[in-house]
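Good morning, colleagues. Please have the sequence and the structure open while I speak.

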Amino acid sequence: MKKLVIASAMPKAGKTTVALGIAKKMGGKIGYMKPLGDNQIYKKKRLVDYDAALFRDVFAIEEPIDDFTLGFYHSKVLHAFPDVKKELEERYNRLSSGKDFLIIEGSEDFVRGNSLGLDSISVASQLNADILLVLSGDVYDMMDSLSFADWATRNKGVKIAGAVIDKIREDTHKIEKEIEERGIPLLGSIPYIDELDIMKAGYVADKLFARVVAGEGGLGNRVRNILIAALSVPEILRHPDFKKEHKLIITGGDRSDVITAALNDTGTSCVVLTNNIVPPSNILARADRKNIPLLSIRSNTYTSAKKVENIESIILPDEKEKIEKIREATEQLDIKPLMK
Amino acid sequence: MTEADLKYLFSPRHVAVVGASHREGKIGYTVMKNIIDSGYNGKVYPVNPKGGEILGKKVYRDILSINGSVDLALIIVPASIAVNAVEECAKKAVKFAIVITSGFSEIGNIDAEREMVKKAREHGMRILGPNVFGLYSASAPINATFGPSKVRPGNIAVISQSGALGIAMIGKTAEENMGLSTIVSIGNKADITEADIMSYVFNDDITKVIFLYIEGLENGRELMELVKKKPDNMKIVAIKAGKSKVGARAVASHTGSLAGSDKIFDAAFKQAGILRAESLEDGFNWVATLAACPKPAGKNVVIITNGGGIGVLAADACEKYGVGLMNDMEVLNKTFGDVIPKFGSYKNPVDLTGQAGGDDYKEALEKALNEEDIHAIIALYCQTDMTPLEPLKNTFREMQRKYGNRKPIIYSLFGGEGTDKIIEELKGDGIPAFYDVEDAVSSLNALYKAHEDGKKEKRESLDIDESRIKKVIENVAGDGRTQLLGTEAKEVMVAVGLDVPPFKVVKNIEHAVNTAEEIGYPVVMKVISEDIVHKTDIGGVLLDIDNEKEVIEGYEAIIRNCRQYAPNANIRGVEIAKMVPDGVETIVGITTDPSFGKVMMFGLGGIYVEVLKDVVFRVAPVSKREISKMVREINSYSLLTGVRGESRKDIDSVIDTIYRIGILADKFPEISELDINPLVVYEKGAKVLDARISIEVKK
């Protein structure tokens with residue numbers, strides 16, 4: 001059984017994307033664990049990791065999802081498990097049993113979880129697994145990550161089995177050379193996948209803890225662009241961002257004029273209503289008819305816009321287009337070095 | 001210098017008109033003419049630098065050259081010289097100046113207005129205005145306005161904040177033949193306000209009804225306190241214009257965001273026993289009725305009509321307005337059985353049938369007016385060709401003369417020119433007569449409302465832990481905060497004597513688990529941070545936590561959510577509280593209104609408070625009796641009394657809660673806003689689930 005820790009020195013490098021791609025290429029029975037969760041969803045009194053849910057659904061993993069993650073928060077892990085290492089080992093044994101390939105998704109960077117022994121390098125060391133290093137960002141961010149990763153892994157006696165450069169937007173020649181010079185196999189590079197920036201309206205609602213006051217049928221609508229509608233309606237209609245597709249509009253719940261204009265536009269996916277003001281029933285009815293969700297939150301427009309901006313797009317199990325794009329983009333990765 | 005008694009404003013011994021005009025059509029001429037034509041007995045001194053004579057009176061070039069004393073001066077000069085004119089009047093020891101001139105604070109010229117008042121006050125002179133139409137006073141008598149000259153003296157005082165409307169009201173009162181004790185506009189209220197005028201009118205021995213038109217009140221609370229001092233038999237009808245929109249204010253409390261100024265005015269008027277009319281028509285109708293009719297001895301109203309249709313309309317209107325119709329068939333039969341024809345009806349409405357004439361009405365009305373159990377009468381007439389109108393009119397007049405001061409009788413006639421003429425004539429006699437039966441019933445309802453028992457209730461003293469509340473507030477202020485944490489607000493609620501489910505703040509998972517076990521499942525978990533106003537918005541509130549595992553995951557979820565969505569927030573801990581069963585969710589609140597001070601709110605609460613807005617207001621302090629009325633006013637009151645087989649909820653506990661919150665607001669004026677949302681009401685008791693308190697920290 002092959003096991004691999006997918007790790008990055010910095011957060012949001014694209015570990016889940018790479019893990020998904022690699023797992024698809026590997027084939028066979030796939031297992032998954034993510035010792036320290038970071039992408040939580042609390043629903044129906046249960047706390048699970050989004051990425052864990054993704055892998056469970058995509059690869060039809062039968063083990064209970066609770067087993068994939070020891071916890072999200074240090075104090076919980078320490079409270080629940082007197083012997084964290086022992087627990088990690090036991091979970092590993094359960095989750096790898098009968099599997100051809102176990103993906104172990106590391107913590108957000110090399111630091112988080114270190115005091116618990118749940119950082120990526122410590123986990124790789126304890127479970128005797130290699131690391132697949134994911135690099136992204138500008139060239140010098142990647143240089144820093146690579147340099148640190150190389151030093152830290154050597155110190156811990158952990159092998160970097162390969163590196164993947166993710167979210168390419170510029171020339172990677174320099175970093176590729178550096179990887180080669182360090183003797184680390186470069187498995188390939190993945191371009192920036194625009195599709196991964198798209199979020200579903202329902203996901204936005206969850207992340208904002210918003211009340212869906214209308215248009216529930218449109219919670220699957222795709223959101224790519226965000227517009228804060230703080231202008232008069234004629235100005236908004238003229239605004240270039242208003243002409244974009246798959247847009248989420250943020251406006252005060254009392255701006256019936258803006259909401260109506262948004263609902264009348266075919267490119268609107270979702271409207272966030274701020275200040276906990278719900279528009280009149282005729283507008284709610286229109287949103288229902290058009291299947292455009294109206295999400296009500298209490299915060300003011302500025303705070304709401306910040307929150308929306310900070311929502312990290314993820315891959316949800318039912319986002320087949322994203323998963324397919326990832327598969328296509330990772331098709332060219334060379335996984336032979338991982339098999340050694 | 002002492003200030004003159006307002007008596008000399010209403011009954012000046014001698015008057016000067018500064019800016020009197022030689023030219024007909026000018027305000028300065030009209031005012032002179034009105035004063036003279038009104039039969040004013042004192043000396044009238046026109047003042048104009050041109051000198052000469054106006055309407056037979058010698059014109060003085062300035063007020064200082066007048067030999068005799070002057071109590072009242074009317075200033076009708078341009079704004080640019082008005083301040084000097086006022087100063088001269090003040091030096092002349094004039095007691096009151098009515099500044100008719102406009103062009104002051106209403107157009108932003110505040111400094112000149114302040115200067116004018118300052119100059120006046122230096123010599124003990126008071127100013128009415130500026131920007132007014134003058135004053136009519138029956139006690140003088142004097143018509144010192146530039147409005148219609150003919151004003152009938154009577155017992156109605158009209159006080160208007162609008163000059164133009166006030167002038168029009170003079171005309172309207174003349175048309176309606178309403179007798180006035182005074183009509184005065186207060187204009188810019190630079191000095192004398194409606195409160196000053198009202199406090200005079202309360203003691204003038206003539207006025208029975210005050211008709212007030214206002215647009216804004218700087219000190220509403222002062223007005224409410226003043227109205228408490230009015231004579232019991234004096235009634236006030238008010239029109240308050242300028243309804244404000246409730247904008248989406250980003251305030252911390254629901255109460256603050258739901259309390260628009262118009263709703264508060266509504267509440268304040270109700271509490272003060274001021275009848276608020278929505279239209280001028282209603283206002284005039286009510287005033288005329290209140291002036292003409294005595295207090296009803298009870299709630300039994302009888303409709304006497306010659307037409308079934310109009311009788312039904314009247315009955316419908318009575319239901320709409322909540323006017324009680326007598327339904328004691330025995331008494332109705334005994335009273336009217338003999339006076340109705342065979343095909344008539346005594347069953348209220350009492351139908352005399354279409355052939356009824358003056359004599360039939362007389363018989364029926366006299367029976368009704370002599371029956372002790374009938375307390376008020378609505379007499380309706382539909383014009384038919386069978387009945388001569390003159391005897392009918394005479395009957396109505398006779399009934400009014402004989403019984404009008406014992407029992408309210410309201411008339412409504414429907415028909416053509418003939419009935420319209422009768423109505424006019426009846427009105428001319430001060431008899432409440434209406435073209436529309438709805439107006440008649442609305443006016444009768446106003447009469448009942450005006451005489452509602454406004455007995456003062458002694459305030460119950462309550463045992464609240466003031467020192468504990470003081471400590472919490474001091475800690476918050478010491479921290480430099482203006483918003484209490486949820487748990488601090490709950491502590492205050494406990495100190496006030498309210499039922500708050502057990503709660504504790506924990507700072508780690510172990511403590512969370514132990515506390516949950518101690519309190520007992522199920523529990524709720526909420527983040528405590530002064531930096532997180534809307535906890536639900538960041539996943540900081542979890543409900544229905546049933547066991548240790550859920551506590552652990554819940555704690556983890558809350559802390560991670562806070563880290564993610566409010567990374568800079570100061571997290572003081574997580575509150576673990578007992579989760580209580582469902583009940584009727586209500587909201588109790590306090591907000592601070594700039595005019596009325598502390599205002600209380602009650603209504604349907606929970607997550608729908610901002611959607612349904614089913615809330616009512618009262619100006620604090622509020623008696624338990626008033627709270628009881630307040631609670632009954634919400635549209636969803638039936639949820640508390642029990643619907644669809646549900647049991648009646650503990651309304652007394654709601655009343656007690658609101659009362660206690662009122663005491664809290666009274667004893668701790670530094671509390672600027674407060675929400676209890678929800679206050680969950682059960683069959684027995686009510687529990688505070690969440691509270692939010694804002695304080696004012698004095699710098």
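Let me begin with a definition: by contact I mean heavy atoms within 4.5 Å. On that criterion, 27 residues of chain A are in contact with 34 residues of chain B. What you see is a predicted model, in which local features need pLDDT of at least 70 and side-chain atom pairs count only at pLDDT 80 or more, whereas totals for chains, interfaces and linings use all residues. Residues are numbered from 1 along each chain as its sequence is written, chains are lettered from A and ligands numbered from 1 in the order in which they are written, and side-chain values use heavy atoms, with hydrogens and water left out.

How much area is buried between chain A and chain B? The value is about 2800 Å², and carbon and sulfur atoms give 51% of that. Buried area here is the accessible area, with a 1.4 Å probe, that two parts lose on being put together, summed over both.

A:Lys45 and B:Asp546 form a salt bridge, and their closest N and O atoms are 3.0 Å apart.

Which elements of chain A give two or more residues to the side that touches chain B? They are β3 (40-43), β4 (46-49), α3 (74-80) and α8 (201-208). Helices (H or I, at least four residues) and strands (E, at least two) are DSSP runs, numbered from the N terminus. The most comes from α3(A), with 3 residues.

Now to the backbone. Most residues other than glycine have a negative phi, and most peptide bonds are trans. In chain B, a cis peptide bond joins B:Gly129 and B:Pro130, with omega about -5 degrees; B:Pro130 lies in the loop between β7 (126-128) and β8 (134-137). The bond from B:Ala140 to B:Pro141 is also cis, with omega near -10 degrees, and B:Pro141 sits in the loop between β8 and β9 (142-145).

As for phi, B:Asp544 has a positive value near 60 degrees and belongs to strand β22 (residues 541-545) of chain B. A:Asn275 has a positive phi of about 65 degrees, in the loop between β14 (268-274) and α11 (281-290) of chain A.

Finally, consider strand β24 (residues 584-593) of chain B. Why is β24(B) described as largely enclosed by the rest of the structure? Because 8 of its 10 residues are buried, that is, under 20% relative accessible area with a 1.4 Å probe, protein chains only. Two strands pair if DSSP finds at least two bridges between them. β24(B) pairs in the antiparallel sense with β27 (residues 671-681) of chain B over 6 bridges, and B:Ile590 stands opposite B:Leu674 there. A hairpin of 3 residues joins β24(B) to β25(B).

Conventions:
Salt bridge = Lys/Arg side-chain N within 4 Å of Asp/Glu carboxyl O. Buried < 20%, exposed > 50% of the residue type's maximum accessible area, 1.4 Å probe, protein only.
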